[in-house]
Amino acid sequence: DDFWLHDPSLSPERWVQVLRARGISGGIIVGLMDENRLPATILPAIREFPFVVTGVRTREPELSFACTDHHMVAVRAFEKVLELGWRRPGLVLDPKIDALVEHRFSAGYRTGQEAVPAARRLKPFTLIEAARRDLEIFRDWLRREKPDAIFCLYREVKDWIEECGWRVPENVALIQYEWREDAPDWSGMNQHNDLAGQAAVDMLVGMVHRGEKGPPPFPMATLISPTWVEARGRTPKPTGRP
């Protein structure tokens with residue numbers, strides 16, 4: 001059975017009634033993209049049934065969860081880019097997304113920067129909403145930081161770069177923190193979200209068998225290691241900035 005967390009017809013009492021009436025033993029919460037705090041309406045159900053979260057760690061309440069290791073996504077992407085010969089990797093990241101994963105993307109990026117001299121440690125670009133309104137903000141960062149590779153989560157970054165007169169991948173390579181099968185022309189990190197889902201099911205089944213319910217006193221985490229995926233063919237090395 002599928003439910004929407006913010007369904008206005010599901011009051012706190014109704015959540016519990018519906019789960020009991022349908023013989024549901026527990027739940028998996030997916031798709032938290034705006035915040036990692038659950039709506040108050042579902043809290044009574046969480047106290048009565050075991051729940052596991054996928055994708056992110058929740059606050060208020062804290063629940064056991066399964067997700068990709070976001071910190072290692074950034075660290076291993078940085079290591080791979082250096083291995084392939086890039087010297088000035090930059091980061092374009094929405095601070096809201098970074099906050100949702102408890103700043104593990106930016107922390108992993110800064111960890112990767114420890115392997116390069118201070119002169120080649122670029123300041124991340126985080127003014128995503130401002131750049132959507134005024135591309136000059138991104139253009140200024142591009143000119144100032146001079147990256148030869150960029151880690152990002154958004155396809156629109158390619159459009160921004162090309163509008164600034166740079167070419168992808170000739171002048172700058174784009175590396176996705178979340179590689180997708182529908183974008184085989186990009187290199188990036190496969191987060192294996194399908195495996196995170198499987199792990200969440202395993203966690204929930206165990207909780208049901210043990211008769212657990214309510215927010216655990218010590219939430220458990222299952223982290224899935226990411227893997228590098230090469231672009232179709234091979235990621236070309238940049239030939240230099242325009």
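## Close-up views of a predicted model

**View 1. Strand 4 and strand 5 (residues 149-152) run side by side in the parallel sense, joined over three bridges.** Strands here are DSSP runs (E, at least two residues), helices are H or I runs of at least four, and both are numbered from the N terminus; two strands pair if DSSP finds at least two bridges between them. Leu-91 sits opposite Phe-151 in strand 5. This is a predicted model, where local features need pLDDT of at least 70, side-chain atom pairs count only at pLDDT 80 or more, and totals for chains, interfaces and linings use all residues. Residues are numbered from 1 along each chain as its sequence is written, and side-chain values use heavy atoms, leaving out hydrogens and water.

**View 2. Five strands form an open sheet in the order 4-5-6-7-9, with mixed pairing.** Strand 4 (89-91) and strand 9 (227-229) each have a single partner strand, so one side of each lacks a neighbour in the sheet.

**View 3. Arg-59 and Glu-102 meet through their side chains in a salt bridge (2.8 Å, N to O).** Arg-59 belongs to the loop between strand 2 (51-54) and strand 3 (65-68), and Glu-102 to the loop between helix 4 (95-100) and helix 5 (104-113), so the pair ties together parts 43 residues apart in sequence. A salt bridge here means a side-chain nitrogen of Lys or Arg within 4 Å of a carboxyl oxygen of Asp or Glu. Arg-57 and Arg-104 join these two residues in a network of salt bridges.

**View 4. Within helix 6 (residues 128-133), Arg-132 and Glu-129 lie three residues apart, about one turn of the helix.** Their salt bridge brings the closest N and O atoms to 2.5 Å apart.
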